[in-house]
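Student: I am new to this structure and would like to go through it with you step by step.

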Amino acid sequence: MLMPFCHASAWAAPLRPKSFGNRCQKLVFYSRGPRYEVASARSQIVLSDLPCRSSRLHLSPKADVKNLISYVVTKTRAINGTYHRFLGRHFPRFYALYTVFMKGIQMLWADGKKARRIKANMWKHNVKFHQLSYREMEHLRQFRRDITKCLFVGIISIPPFANYLVFLLMYLFPRQLLVKHFWTPKQQIDFLDIYHSLRKQSHSEIITHLERASALVSDERLRWHLTDLCTKVQNGVHPTAHDILALRECFSTRPLGFSQLQATHMRALSRAMLLNPHLPPAVLRWRLKSHTTVIQQLDRALAQLGIGQLTAQEVKSVSDLAGRMVADFLQPKSCFCRFRMDVAVNRAHGSRP
């Protein structure tokens, strides 16, 4: 420790240097009077031959870092496995929900990464949505719907202590607030049945609106075709693609054009397409137009791909989008798939119905 001199008039003799190790030469301080200044013009620090430490003390080798990471990952997996076994033994119902939730997060994250790659490829090659392949187009469509529902849940969780209520609501109403990744296998089957029943309830109302609108069709031939089609559907006869496409002129002008549809008719169509019917008429009209445009683009992409290239899960997705139960229509050569393919081919080469 440095001790200042008490006499102010005399220059202090240099302090005896202290040794700071065998390999250090000297550390000398010169000061004047009781107030000494360090690193000033009257101070001098002599440092030489200081030992240089090895780089091993500052930076660990890559092998040591990898071993440390491997050790941490192994320990984390072991702790995670023990935690899962504890939950499975003592809280089986909670463990089932926890497993579904964790898998759902992983699947949603994987969907987000894939959607990001598709969007990056679109920006890089200046590709529009309708120019994508069927699988890429369907993935982006479904991911948009899923992320919209997730954003809605996140927004209502913003107020203080609202997240506790949101967790309870998600547990009580998983079909309305959660995406399909967070549904249990049983819930996926049950919710598809519920969606099918909701669509069935709206079909009769849609046919009633079509019958009322048929009286306002100016063309006599189209009026007869529309009335005959409604009668066939009410009697349980499934119309062909040719029967439907023959009436596409009716849906481009009054009274069945998008700009002339009544609010009750649009609400029935929204329920049939699993869209929210409790919206203003202008918003309903915009959503219906956007949804049907995406369906047309999917049909054109499906016509280019070919129905035989679809997997069973993709056929199920196409059937769910069309509003049909798919228990008996999972094979690509089924009657429903041929009908869907005929509509897709005609839409691809014809005008929008």
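Student: Is Leu165 buried or exposed?

Tutor: This is a predicted model, in which local features need pLDDT of at least 70 and side-chain atom pairs count only at pLDDT 80 or more, while totals for chains, interfaces and linings use all residues. Residues are numbered from 1 along each chain as its sequence is written, and side-chain values use heavy atoms, with hydrogens and water left out. Buried means under 20% relative accessible area, exposed over 50%, and partly exposed in between (1.4 Å probe, protein chains only). Because Leu165 has a relative accessible area of 52%, Leu165 counts as exposed.

Student: Which helix is Leu165 found in?

Tutor: Helices are DSSP runs of H or I with at least four residues, and strands are E runs of at least two, numbered from the N terminus. By that rule, Leu165 is found in helix α4.

Student: Which annotation covers residues 150–173?

Tutor: Over residues 150–173 the chain is 75% helix and 0% strand, with the end C-alpha atoms 14 Å apart. UniProt positions follow the numbering used here, feature names are shortened, and annotations may be inferred rather than shown by experiment. In the unreviewed UniProt entry, the annotation for these residues is "transmembrane region".
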